[in-house]
Amino acid sequence: MDTGSGTLIDSAQDSLEENFMMRKTFFAVAIAAAFAASPAMAQQKLKIGFITTLSGPAGIIGKHMKDSVEVALDQLNRKVGGLETEVIYGDDQFKPDVGLQVAEEMMKKNGVDIMSGIIWSNVMMAVQPAVNKAGVIMVGTNAGASPLAGAGCNELYFSTSWNNDQTPEAMGKFMQESGVTDVYLMAPNYQAGKDMVAGFKRYYKGRIVDEVFTRVGQPDYQAELSQLRAKNPKNVFVFYPGGMGVAFMKQWSEGGFRGQFPLYSVFTVDETTIPALKHAVLGQYETKFWSPDLKVPASQKFVADFQKKNGYLPAFYGAQSYDGIMLIDSAVRAVKGNVKDTKGMVLAMRKANYNSIRGKFTFNVNHHPIQNFYLLKAVAGAGGKDPVMEIQKTVFENHKDSYYKDCKMKW
Amino acid sequence: MPLTLVLEQLLNGVQFGVMLFLMAAGLTLVFGIMNLVNLAHGSLYMMGAYLTVAAVQWSGNYLAGVALGLFATLLLGMLVEVVALRTLYDRDHLDQVLATFGLILFFNELVAILWGRTALDLARPDWLQGHIELFAGSRYPLYRAVVIGVGLAVAAALWYVVTRTRLGMLVRAGASNRSMIAALGVNIRLLYTFVFGIGAALAGLAGVMAGPIYAVQPGMGELILIQVFVVIVIGGIGSIRGAFAGALIVGVVDTLGRAFLKPLLGTVLSPAAADAAGPALASMLIYLLMAAVLALRPEGLFPSRGGQ
Amino acid sequence: MLTLLPPVAAALQEPFYLDLVRKVMIFAIAAASLNLILGYGGMVSFGHAAYLGIGGYAVGVLAFYGTTSGWVQWGVAIGASALVALAIGAVSIRTSGIYFIMITLAFTQMLYYLGISIEEYGGDDGMRIKARSDFSGLIDLGDPVAFYYLALVLMLACLFLVHRIANSRFGMVLRAAKSNEPRSRGIGFSPYAYRLVAFVIAGAMCGLAGAMFANHTSFITPEFMHWTRSGEIMFMVILGGIATTAGPLLGALVLLVVETLLAGWTEHWQAILGPLLVLSVLFFRRGLAGLMPGGKDG
């Protein structure tokens, strides 16, 4: 599972101590600055730094996230927690060191009060320690690296998404319960791919025909598909996010595999890839914690406002980011706009007292949501439009990630 | 492993090799004749796919769209040559690598601005759907078979043009002695622009054929670009014959590596070790191959006679 | 000017610029090392980021196993990079031109995929470095100002070292082999050995930059070795002016600062940066150092 836990336990303790030390100096500076700038008691303006990938091929995810943050701001009349709000967007270019640089710039130059966003585990692993060390709260809205849910948890780090392997856990459970006994696994050969397969196997106990890891960014899967056909498995489970998923699904359908082998996937078919795949996704099963058709008032309002403003359906990346802003909103309200009260903000966030797009939920001790996971199926869209994902059933209720026991945080 | 599977994987390798060849042919022509390292060749592949998607949508007809898209890519290639690359022919490779890297950034963002960052759909027409049965029980996608056919036809046509026509003669002459051919009254600039346009159209054709099976998205060119460079380096730069041989070798080695390396390793190593080493080695295989080829033959398998 | 930055930044309460300039200086070291082989030796390595990665992983992996001594970490970073450079160089230097470009790229791609595949060290998720390198209490890298000055000193030392090497007898042979290989063979020098030594020195120096970069980010990832990273380092050299002493610093400074500014301004910054690069190649043939008075020495 987590091979780096030895170092991370130490680093969690270290960073906690450092947090308190750093925060003292941070407060001192902040107080000095407050005296110098204005005599106001509470801060007049809230600055949120939101880091995502805006440029390059992965920019599509960043676009969903940014557009969703804007919807949240519109709904709050541009006032998060009642304060005049400025959101500063940063482009990490899909590079950890650039993400870190952008975060440092936001904190040191723009003086942001709170940080949010971040798609990639590796960027988060680089950025989170620096942000928390500076005494600033980080609300992650996608990255799901397991060290951060386990031994590396931090009281200033919250997630409005999930841990990487929870979604495949749901798929593993669903397939196990549906009596599937024979599965062929495919994923890209990188950490997230291994997390997905590990999560799947935690709940699926039947026979595994083969596990195939492909090159990251590989455009052609014909060789692997020929191997798969030769093994003639009864079911197939894959994880191919983004462009890899588009290529894989196209070739799956082109090769005539659809209909011949039942395909189950995670993070492969979503609202960012459906426009490129269209009918090739019909009948596809996915698991997810959220879908645009989720019958939760806050979610329906978000989806409606998003569609009205942007003209397309939001993906879960967006929903999580919207949720991140709403979580911040609830915390700023709880401290009555005094965002320097980091402790108070953390305590307020732990209550998850806001209208989340996933409905009412609670945070686990590691600041990761305890939430439901659903089985989704791609069905034809109304009036010949692109297919849409439709919730079929609840697979997990109030599911916890499998790392929180390593988290030493005391509430 | 059954023989039919090995044969099918060989065919997959040839098909991937053919795609690589279409890209490599343009790149190696431009390199051999104009002595230009064009990293932006992948961008032309991407533009070919995007322009074709746009043309198919606009015309409503697949073949007309493909023809239009290819023609547009040809024009675009000539435009890029005239505006940006022409002055680079006399520079060293370093300047060329840099300037064309700049073009990659530009084209990727241009596509994102014009068409958005979401991957696009380029659907195959109905007559390209379906399968053929090569041997009992195998279902080979018709589209892939057509790709192989088109690629081989292009290879044959290129071979004919380069070795048997006046244009080909000029091209070969231009590659071996640029000033001589200019002195003989040939408009070398126009010839270069035209050759570059053809190279662009070939990359565009690869993009068009990739459209229905790969993701049409910004940056799609870079996923294949490095492999194409491996192809032309293994084959020997400037040589169409080398590009063809290199493309098939790389296509087949890469495909067989992805398919069979792990099971083969599994027979000597523990399953866990094979699981870990198989995919990693498969990713590195073509680079190992290239390093080995260059260590033995520093100018590739088919060094071009004209050369530098 | 760079010496004065920390107090000025502190006075203006803009500590961010310290971080940015520190990163610039680290990349200036990497660029300077590439400049040695590319600028003076004519060896266009398109895989120089490999040593950035090896230097970084040396620090990260040693820290992972509990060795935090900076002397050991940085020593291993430099030594390992030199060894890898020796192996890569021994094969690559036999080739020339585009073949050399591609074979150096190929080796770096192999290391990149290796980094992605090793789960132990986090694969592509990368690995956190718990504590910065510890120099027996001499220098505390946790202090941004101290780290800044260390980077400044090391960068100046590297720029000076490259300058000295380039103008030594060894450098003369290297440059002679670049401009006219047959002639230098004719007067009795075999360029191969000279090039290989230069290649190893450059690898070692870039390994140092990698060790510093890992400390800068407190994090390592195979992304350090991505081929676009090699491209960036190459840009810095060319933008700054190849075979000039100050070029690598100027190139790193301008590229990173322009990138930061543009990225802060629009998400489509690459559409602007791209043509800027093309224009700089077309019109600044001598690089930025060529524009500065007294900046040319190559």
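1. Two residues are taken to be in contact if their C-beta atoms, placed from the backbone, lie within 7 Å. By that criterion, in this predicted model, 36 residues of chain B are in contact with 32 residues of chain C.

2. On the chain B side of this contact, the elements that give two or more residues are helix 4 (93-115), helix 9 (220-235) and helix 11 (271-296). Helix 4 of chain B contributes the most, with 14 residues. Sorted by class, the side of chain B that touches chain C holds 27 nonpolar, 6 polar and 3 charged residues.

3. The largest nonpolar core comprises 352 residues, and Ala24(B), Met290(B) and Ile29(C) touch the most other members. At least three residues of this core come from each of domain 1 (5-162 + 295-370 + 402-406) and domain 2 (166-288) of chain A.

4. Turning to the fold of chain C, there are 12 helices and 4 strands. Its C-alpha trace spans about 55 × 40 × 40 Å along the principal axes. The radius of gyration of chain C is 19 Å, which agrees with the value near 19 Å for a compact globule of 298 residues.

5. Of the 298 residues in chain C, 59% are buried. Among contacts in chain C between residues at least 6 apart in sequence, 76% join residues at least 24 apart.

Terms used. Residues are numbered from 1 along each chain as its sequence is written. Chains are lettered from A and ligands numbered from 1 in the order in which they are written. This is a predicted model: local features need pLDDT of at least 70, side-chain atom pairs count only at pLDDT 80 or more; totals for chains, interfaces and linings use all residues. The radius of gyration is taken over C-alpha atoms; the globule rule is 2.2 Å times the number of residues to the power 0.38. A residue is buried if 20 or more other C-beta atoms lie within 10 Å of its own, exposed if 12 or fewer, and partly exposed in between; C-beta atoms are placed from the backbone. Ala, Val, Leu, Ile, Met, Phe, Trp, Tyr, Cys and Pro count as nonpolar, Asp, Glu, Lys and Arg as charged, and the others, Gly among them, as polar. A nonpolar core is a set of buried Ala, Val, Leu, Ile, Met, Phe, Trp, Tyr and Cys residues joined through C-beta atoms within 7 Å. Domain bounds come from an automatic or database domain assignment.
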